[in-house]
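Subject: Structure handover

Hello,

Here is the structure you asked about. My notes on it follow below.

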Amino acid sequence: MNRPIRKVAIIGSGVMGSRIACHFAGIGVHVLLLDIVPGSLTDTEKAKGLTLDNKQVRNRIVNDALQATLKSHPSTVYTKSVALNIQTGNTEDDMHLISECDWIIEVVVERLDIKQKVFESIEKHRKPGTLITSNTSGIPIHLMSEGRSEDFEQHFCGTHFFNPPRYLKLLEIIPAPKTKPEVIDFLMDYGSRFLGKTTVLCKDTPAFIANRVGVFGFMAIFKAMQQLGLNVDEVDSLTGTILGRPKSATFRTGDVIGLDTLVHVAKALPENVPNDEAKEIFKLPSFLEKMIANKWLGDKTGQGFYKKVKGPSNSPKGESQILTLDLNTMDYVPKQKTKFATIEAAKPIDDLAQRLNVLYNGQDKAGEFYRIIHQLLFAYVSHRLPEIADEIYKIDDALKAGFGWEMGAFESWDTLGVQKTLEQMKAANIAAAPWVEEMLAKGNGSFYKTESGQRKYYDVKTQSYLPIPGTGSLIVLEHLDEKVVWKNSTCKLYDIGDEVVALRWNTKMNTVGGEVLEGVQKSIAIAEEKYKGLVIANGGDNFSAGANVGLIFMFATDQDFEQLDFAIRQFQATTMRIRYSSIPVVIAPHGMTLGGGCEMCLHADAVQAAAETYIGLVEVGVGLIPGGGGSKEMAVRASERNIKEDIEVNYLQQLFINVGTAKVSTSAQEGFENFIFRPGYDSISINPDRRISDAKRKVLALYEAGYTQPTPRHDIKVQGRGGLGGLMSGIHGLWRGGYASDYDKLIAEKLAYVMCGGDLSTPTLVSEQYLLDLEREAFLSLCGQRKTLERIQNILQTGKPLRN
């Protein structure tokens with residue numbers, strides 16, 4: 001059945017309701033956001049002489065909630081303009097408007113009686129066949145639609161989004177008893193394809209999947225902490241990024257979620273599932289009871305495990321400081337530095353699987369902590385089959401997408417060795433479910449395996465390995481080692497089918513050095529000889545953090561300008577090779593795509609960017625200008641605006657400001673607004689898991705359309721002195737006003753000189769090579785500056801740019 005979603009109604013504009021509305025609006029869907037009418041006037045409304053009948057009063061709750069969401073940080077929207085897709089109203093005056101909607105989502109307070117009243121009102125206005133779903137985080141789905149019409153029940157189910165919906169990918173789909181199978185199939189596909197979600201089909205069990213296991217994980221950490229005498233700072237240092245978990249780790253995450261929410265789930269589970277073998281672990285520790293009594297609930301009340309206070313009078317600029325709760329005295333104390341030998345040994349290891357083994361096998365208190373929490377987790381998830389899920393991958397998907405874990409529970413168990421870990425669990429008197437031993441007894445030593453590029457999971461029912469459903473259309477390069485057609489020490493080129501190849505590299509933060517540039521050039525040569533086209537994409541959190549500034553620092557410190565000149569020429573030659581190959585080259589960035597990574601995208605035939613792509617030319621932050629063709633490309637793009645000269649100069653100024661301030665687009669949509677991506681050429685994959693498949697389709701479309709190698713440009717109109725004068729005037733004004741240092745002024749002048757084509761008396765047509773030469777000369781001149789070396793050194797030491 002064709003079911004287009006043109007308009008969605010969100011009933012309830014609280015934190016979740018408004019954020020879900022923003023997420024739909026962000027993909028271009030028109031949203032109707034409704035909430036209740038306030039029962040009284042505010043003092044401001046009284047002062048204005050308003051009454052409860054005024055529309056702005058009646059819509060105050062929904063409008064205030066939406067504005068708060070739009071102002072929140074990190075941003076809940078891809079770009080501020082998405083707010084134009086949201087229409088607000090109230091449930092008394094505007095409920096009839098839901099008849100125009102294709103999907104109605106209830107996001108009101110977690111009380112069954114209130115939800116049932118909302119559904120009664122919805123039924124009066126919805127048109128037959130409209131989807132109705134609830135965003136409940138734990139109320140049984142089967143109770144909500146009782147007493148509703150047959151059509152309502154057939155189109156009703158649970159859709160549990162995680163907060164914030166933009167960043168947390170999980171969408172749990174929970175069928176009700178009478179939900180049509182085609183409704184579930186539609187939502188599973190729509191959630192993945194259009195909302196960018198990892199959709200997980202759940203059973204109607206308490207807390208569903210992610211919260212059931214995730215909250216257990218919290219409680220297991222509390223147990224291990226108390227058992228080993230660890231404090232809050234120590235636990236958060238052990239359970240953050242070092243473990244492949246979010247930077248907020250355990251206690252900071254608890255403050256963000258809200259301790260009342262955590263405690264609500266922890267208390268409800270033993271009551272609702274009395275046969276849970278681990279129910280004792282859900283018993284609240286005394287410190288949580290005290291915090292709830294004191295209303296220390298986290299961010300929502302201003303204090304939880306952490307508390308932000310104003311710094312002492314002698315602190316620099318009166319900066320505030322973060323205090324940590326001492327769980328023994330229940331007093332807030334200054335944060336403590338932590339140090340564990342196991343952590344120090346694991347820090348240099350980039351690969352999570354290798355790092356996890358070092359952590360788990362540590363011989364200090366940290367290692368003991370890791371063994372306790374993992375063994376408890378492994379036992380718990382093994383017992384949840386078939387109670388909350390029939391397949392192991394659903395539990396792993398829910399934990400990764402809902403809690404930001406890089407590796408799921410069963411994946412971690414595989415990494416640490418199922419047989420070895422099981423024996424350790426037995427020694428610790430921690431019992432896994434019997435089916436795990438049965439799996440091992442049959443010679444199946446892992447929960448997952450990859451065959452012919454297809455990832456399979458161990459199915460407990462059939463006692464065999466089955467393909468993970470829904471992944472057949474996705475391309476995961478890391479699973480295609482059998483398809484490698486060329487490689488060097490950092491790069492691999494894969495045959496991804498249909499006569500298309502894909503290149504990925506694996507360096508720290510996927511930075512670009514000589515071997516990566518060699519890989520790009522070699523991949524294009526191979527594709528030109530044997531294939532229809534090339535995709536360039538990477539795994540990990542980021543596409544590329546840019547060029548390897550460590551090499552630049554080394555050459556510049558040694559004053560080895562011949563090597564620097566060679567390196568810059570090599571980078572420029574590589575980006576131009578991307579631009580002028582005989583086959584289509586499509587780049588699929590995601591995450592940080594900075595500096596040299598951005599420059600590669602600027603030269604591709606097309607870009608297929610993940611929605612969460614943070615892209616920009618940031619070289620100014622290290623005292624340089626873009627030297628891999630980025631400065632040249634900004635001049636090219638200014639030239640392509642075939643409009644009146646004064647507007648053309650204004651466009652050049654905007655591009656100059658973007659590069660000169662090292663502006664980073666905070667989403668792919670913003671990348672279009674900042675002129676990095678081009679309408680008609682570049683596209684967005686809302687689901688990052690689909691970006692490589694989408695890029696492959698784009699390569700094939702370009703090939704089938706009769707792709708022809710472009711010819712080098714000699715018709716780039718640069719403004720010369722006319723543009724340079726305006727830019728220099730602006731630079732001078734900022735410098736005179738104290739907004740730019742002497743060195744900032746120098747960098748900006750070098751950038752302006754390149755983007756205007758140098759000191760030309762009139763607007764002139766020049767070649768790309770002319771601009772590349774200017775760019776390279778400016779880059780080299782800045783590399784010789786002491787301030788540039790200081791900035792690069794600071795980046796290498798701290799990861800942050802130094803402003804002079």
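The largest cavity holds about 70 Å³ of space. On a 1 Å grid over the protein atoms alone, a cavity is a set of points where a 1.4 Å probe fits but cannot get out, while a pocket is an open set with protein on both sides within 12 Å along at least five of seven lines; lining residues have an atom within 4 Å of a point. Grid points are joined across faces, edges and corners, and a volume is the space filled by probe spheres set on the points. By this rule there are four cavities of 30 Å³ or more.

Please note that this is a predicted model, in which local features need pLDDT of at least 70 and side-chain atom pairs count only at pLDDT 80 or more, while totals for chains, interfaces and linings use all residues. Residues are numbered from 1 along each chain as its sequence is written, and side-chain values use heavy atoms, with hydrogens and water left out.

Which residues line the largest cavity? They are Gly217, Ala220, Ile221, Arg245, Ile373, His374, Leu377 and Trp405. Helix H9 (210-228) and helix H16 (365-383) each supply at least two residues of this lining. Helices (H or I, at least four residues) and strands (E, at least two) are DSSP runs, numbered from the N terminus. By class, the lining has five nonpolar, two polar and one charged residues. Here Ala, Val, Leu, Ile, Met, Phe, Trp, Tyr, Cys and Pro count as nonpolar, Asp, Glu, Lys and Arg as charged, and the others, Gly among them, as polar.

The second largest pocket has about 420 Å³ of space. It is lined by 20 residues, and those closest to its centre are Phe656, Gly660, Thr661, Leu734 and Ala748. At least two lining residues come from each of helix H26 (645-660), helix H29 (721-736) and helix H30 (742-755). The lining of this pocket is made up of twelve nonpolar, five polar and three charged residues.

Next, the aromatic residues. There are 32 aromatic pairs in the whole structure. Rings of Phe, Tyr and Trp (its six-membered ring) pair if their centres lie within 6.5 Å; planes under 30 degrees apart count as stacked, over 60 as edge-to-face and the rest as tilted. The pair of Trp296 and Tyr332 is tilted, because the ring centres are 5.4 Å apart and the planes are at 55 degrees. Trp296 lies in the loop between helix H13 (286-294) and strand E9 (306-309) and Tyr332 in strand E11 (residues 331-334), so this pair ties together parts that are 36 residues apart in sequence. Trp296 is buried, at a relative accessible area of 17%, and Tyr332 is buried with a value of 17%. Buried means under 20% relative accessible area, exposed over 50%, and partly exposed in between (1.4 Å probe, protein chains only).

Phe378 and Trp413 form a stacked pair, with 4.8 Å from centre to centre and 5 degrees between the planes. Phe378 is in helix H16 and Trp413 in helix H18 (residues 409-416), so the pair ties together parts that are 35 residues apart in sequence. Both Phe378 and Trp413 are buried. They belong to a cluster linked by ring pairs, together with Phe410, Trp435, Phe447, Tyr458 and Tyr465.

Two charges also sit over rings. A charge counts as such if NZ of Lys or CZ of Arg is within 6 Å of the ring centre and within 35 degrees of the ring normal. Arg384 has its charged end over the ring of Tyr380, 4.3 Å from the centre. Lys745 lies over the face of Trp735, 5.1 Å from the ring centre.

Last, the backbone. Most residues other than glycine have a negative phi, and most peptide bonds are trans. The bond from Asn163 to Pro164 is cis, with omega near 0 degrees, and Pro164 is in the loop between strand E6 (156-161) and strand E7 (170-175). Leu385 and Pro386 are also joined by a cis peptide bond, with omega about 5 degrees; Pro386 lies in the loop between H16 and helix H17 (392-403). Ala249, not a glycine, has a positive phi of about 55 degrees, and is buried with a relative accessible area of 11%.

Regards
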